[in-house]
Amino acid sequence: MSKRIEIRVPDIGDFEKVPVIEVLVAEGDTIEAEQSLVTLESDKATMEVPAPASGRLVTLTVSEGDEVSEGDVIGELEVTDDNGESGDDGSGAADGSAGDSPESGAASDESPDESPDESPDESAGGTSGTSSGGASEDEEVDIRVPDIGDFDKVPVIEVLVAEGDAVEAEQSLLTLESDKATMDIPAPQSGTLVSLAVQVGDEVSEGDVIGRMKTAARGSADGAEDDAASSGQRDAAPAPAPAPAAPRDGGDDAGDLKAPPVPFAEMGRDPSSIPHASPAVRKLARELGVDLAGVNGSGAHGRITETDLKQHVKSAMQSGGRARAAAPGGGLAVAESPKVDFSKFGEVEEKPLSRIQKISGPNLHRNWVTIPHVTQFDEADITEMDAFRKASKADAEAAGTKMTPLVFLIKAVVAALKEYPKFNTSLGADGESLVWKKYFHVGVAVDTPNGLMVPVIRDADRKSLLDLAHDLTELSDKARDGKLSRDEMTGGCFSISSLGGIGGTAFTPIINAPEVAILGVSKAETKPVWTGEAFEPRLMLPLSLSYDHRVIDGADAARFTQYLAHVLGDIRRMML
Ligand code: CAO
């Protein structure tokens, strides 16, 4: 038996009418519990709305640009009876992610109703965090983490101020980032930061003291606000700044929230996630018209810092705009694609692109237009290799895996990367240096029902053929089941795209930036090959190597594929 449950926006803290900046799923999709469905972004926070249970997405009632608040219904999920016990009764957030049953009010149970004065919300009440109304001259107050929604123990990933700094009301002090949200903690009032009690790596929850500040004495124009402030404890959490104040008021200063948000389709080549950047950095990028997809992040997990963004802009200025601003065509002067009403010519049906297609499309486009690609074609005689492969099939099966030509190719590619290490590099952020990698992580393109994914086999140089076969099977199964983790898709040095199991004689693969080359493999065919004395039937494997001509010259590419063919022609060389 199945039933339908509503999907609602969970407790998202002090935010209201937050724009949906990305829809990650489509109606009809099969969804895992906690899978992210949509991404919301205000000027102070970025957060994902997770599925309350596993099931099939029946309807999705929001699209990019819509604004949502806590409790809003964003769709319906069809779940089996043993699933989705959190089936929403309309009482609020349908979020099973943290296991904290928000709909049952567990969060509020933890801070029972007896001391409303101490509630961060309460102390925020009515002041909007922008008035310094209750603060007397030189008053020192604790700064506490405001209501951050259904999040607990969220790591501090950036400290944006230092002790002694003069801060403005609402200025971001810290950035917190969980796996589902990034949010800035704003200064409750203007003043001077006396002390900071947290550092990067600390974990904080709602109500935690993160520092103390001396508030600027401005007096209050509003007695009510004075009362509100003085009714709170000295240490009560100062008012968190409700960032989306403008739209909440419905005022005409729609500000950034009404502006088209920066789409997250800008991410790097990892299709599982968005580029990590604080809301402040995203806002700055939006103001500068910078596409974060083109910015190299130097922080943990490739996180883009303000310095990275500034460096990116600086390089763009210095190189005459080499870095592209966010614009169709990546800043290239290309004609707009024609908008055609196909229904004029016959029956049509329009379906949304899959999430992966939406994410990888812009990256493929960027790589295609910004990297000068050249493709070198070659053939490898794999007659002996294939005989050995067939002979080792039973061993592979006994080890619970499958020995395909691709496994040998990974091994041979590692040998070629060692011989020609320039293929194992990436261009430095400034475009003026090369980063030489001493490790050998090989990406493999996998065709999945939802689109192309590129999981990475780590340390391929240290693995046996059976190990590689095992990794390949495991990662491609995970890719097809949509279960790859972010880590399993990052850090590749060189990619292989094998269409050999399907067919074709050659193709021109697109380089997976920041890598500098990719090997395309087509179907091996038995061909008559002239040995100098006679034609012999040999199994020939077509190779198509696309390379970044800024880094690699044609002669290098020809040597690389020749070497590869050489190794594949006599697999004993893989041992060398
Ligand atoms: N020549 C001849 N036969 C080949 C071959 C080749 N180059 N490569 C594989 N085969 C054979 C295999 O031996 C296997 O045959 P058996 O079942 O008889 O042993 C069959 O083709 C199917 O192989 P496979 O596809 O299951 O396994 P694989 O290791 O070759 O590839 C994977 C794994 C995940 C890379 C592949 O399934 C895949 O998804 N390929 C598509 C990649 C892609 O889409 N690239 C395009 C990117 S650009 O859009």
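Colleague: How many residues surround the ligand, and which are the closest?

Modeller: This is a predicted model, where local features need pLDDT of at least 70, side-chain atom pairs count only at pLDDT 80 or more, and totals for chains, interfaces and linings use all residues. Residues are numbered from 1 along each chain as its sequence is written, and side-chain values use heavy atoms, with hydrogens and water left out. The ligand is surrounded by 24 residues. A residue counts as near if one of its heavy atoms lies within 4 Å. The closest are Thr 404, Asp 447, Arg 480, Ser 497 and Ala 524.

Colleague: How much of the ligand does the protein bury?

Modeller: The protein buries 71% of the 970 Å² that the ligand exposes when taken alone. Those areas come from the Shrake-Rupley method with a 1.4 Å probe.

Colleague: Which element supplies the largest share of the shell?

Modeller: That is α12, with 3 residues. Helices here are DSSP runs (H or I, at least four residues), and strands are E runs of at least two. α11 (405–419), β21 (446–448), α12 (465–480) and β24 (494–498) each give at least two residues to the shell.

Colleague: Why are α11 and α13 called oblique?

Modeller: Their axes cross at roughly 130 degrees and come within 9 Å. Angles under 35 degrees are roughly parallel, over 145 roughly antiparallel, 65 to 115 roughly perpendicular, and the rest oblique. The two helices are therefore oblique to each other.

Colleague: Where does Pro 514 sit?

Modeller: Pro 514 is in the loop between β24 and β25 (517–521). The peptide bond from Ala 513 to Pro 514 is cis, with omega near 10 degrees.

How values were computed. Axes are lines fitted to C-alpha atoms, for helices over the stretch in contact, and angles run from 0 to 180 degrees between N-to-C directions.
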